[in-house]
Amino acid sequence: MTGQHATYTPAATWFTAPEPLSHSLLEICTRDMAGLLCGTKRKKQVSDLHEEGKNAINSPLQPSSIDIHPEDTMLEENAERSMIDPTSKEDPKFKELLRVLIDWINNELEEDRIIVKDLEEDLYDGQVLQKLFEKLSGCKLNVAEVTQSEIGQKQKLQTVLEAVNELLRPNGWSIEWSVDSIHCKNLISIVYLLVGLAMHFQAPIRLPEHVSVQLVVVKKREGLLQSSHITKELTTTTEMMMGRFERDAFDTLLDHAPDKLSVVKKSLITFVNKHLNKLNLEVTELETQFADGVYLVLLMGLLEDYFVPLHNFFLTPESVEQKVLNVSFAFELMQDGGLKKPKARPEDVVNLNLKSTLRVLYNLFTNYKNAE
């Protein structure tokens, strides 16, 4: 009863027989009811128009609980917007990808006391992306340190993305991001960018493989909104993603000269045993005997001529997690010794990836081949 106050009627009156309506009163009621129906119809038409954009986005797959912003339905002719289907947001592999990327950023920027909790809210203004790129590349960007205005944020993003694109584009990476998409908190653009950076700089993380999301794309054509669903692949296999950037001597060796692999392995075995023999240890299989990280830790101590306290690592690791921690610790010792961060991931060494193990050991051989 819009615009009227409800009137309380004693219960007894409900049992009183109604008096017949007069002809004139019936006409008034009929006329008022018709007017009310017409008003309701007009309101419904307005409501339908208002809901057109929202329905175009929500249907047919999205639940009505998704948040729709006004700008998502007020599009220019031939313009389009996209958003992640809610079912994809709840996909465990997608959630894992976000977690791995957030943990990686926080680990890289720990010294700057930067803590990222939400990729959309924390990366859109370019501040964190600037710090991350500078840390990974070792290059200082010429941007304002703090920018509050939208113009300033976009200028910073422009500078950061130009530097990123200059690195990634020559290596065949498809540029799936822009200043506007990052600043508008487009999560897929942000994830694409971070995956590209992680692959290029050989981040010591393991991204979940074959992560895809469903996007709802809304386009405006001839004044009408049309929606469709497309699939976006965010990650493939580790080997394929690494292959974009990392074609080194070991790729060539395993792909085109496998007959020479035994010669390389023999040289590396001779090198590591020269030092491990001091502890009465001996290696015969590179990919298996270094997989738990113990020999790597001990080897680094021998090469750098110091004793590694046994409580700093797991001497007899019993789980994959303990093995990964051992290999990660060995990588830290390598960096402490002045070596670059290993291109391999600790998880790859633990998972018996031969190329990853060869890369780590060859890096040690190159730097310590003359060590006694």
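Which residue in S2 is the bridge partner of Ile84? In this predicted model, the partner of Ile84 is Leu215. Met83 is likewise bridged to a residue of S2, namely Val216. These pairs belong to the contact between S1 and strand S2, the latter spanning residues 212–221, where 5 bridges join two antiparallel strands.

Strand S2 also pairs with S3, again in the antiparallel sense, over 10 bridges. Within this pairing, Gln214 of the sheet faces Thr231 in S3. The hairpin formed by S2 and S3 has 2 residues between the strands, and Glu222 in this hairpin adopts a positive phi near 55°. Taken together, the strands form an open sheet of 3 strands in the order S1-S2-S3, with antiparallel pairing. Strand S1 (80–84) and strand S3 (224–233) are the edge strands; each has a single partner strand, so one side of each lacks a neighbour in the sheet. From one strand to the next, the twist averages 25°. Strands of a sheet pair through backbone hydrogen bonds, in either a parallel or an antiparallel manner.

The nonpolar interior was examined next. In soluble globular proteins, nonpolar side chains tend to be buried together. The largest nonpolar core comprises 49 residues, and Trp104, Ile105 and Leu119 have the most contacts inside it. Two or more residues of this core come from each of helix H3 (92–108), helix H4 (119–123), helix H5 (127–137), helix H6 (150–168), helix H7 (179–183), helix H8 (187–200) and S2. The most is given by H8, which supplies 11 residues. Leu119 touches Leu98, Ile102, Ile105, Tyr124, Leu187, Ile190, Val191 and Leu194, when residues up to four places away in sequence are not counted. Apart from this core lies another, of 38 residues, which includes Ile269, Val283, Leu333 and Leu354.

Phe290 was considered separately. This residue lies in the loop between helix H12 (286–289) and helix H13 (294–304). Phe290 counts as buried because its relative accessibility is 1%, where the cut-off for burial is under 20%. With residues up to four places away in sequence left out, Phe290 touches Val272, Leu276, Val283, Tyr295, Leu296, Leu299, Val327, Val349, Thr357 and Leu361. Phe290 and Leu352 are 62 residues apart along the chain, and their C-alpha atoms are separated by 8.5 Å.

Key
Residues numbered from 1 in each chain as written. Predicted model: local features only at pLDDT ≥ 70, side-chain atom pairs only at ≥ 80, totals over all residues. Heavy atoms only, no water. Pairing = 2+ DSSP bridges. Helix = DSSP H or I, 4+ residues; strand = E, 2+ residues; numbered from the N terminus. Axes fitted to C-alpha atoms, helices over the stretch in contact; angles between N-to-C directions. Core = buried A, V, L, I, M, F, W, Y, C linked by side-chain atoms within 4.5 Å. Buried < 20%, exposed > 50% of the residue type's maximum accessible area, 1.4 Å probe, protein only. Contact = heavy atoms within 4.5 Å.
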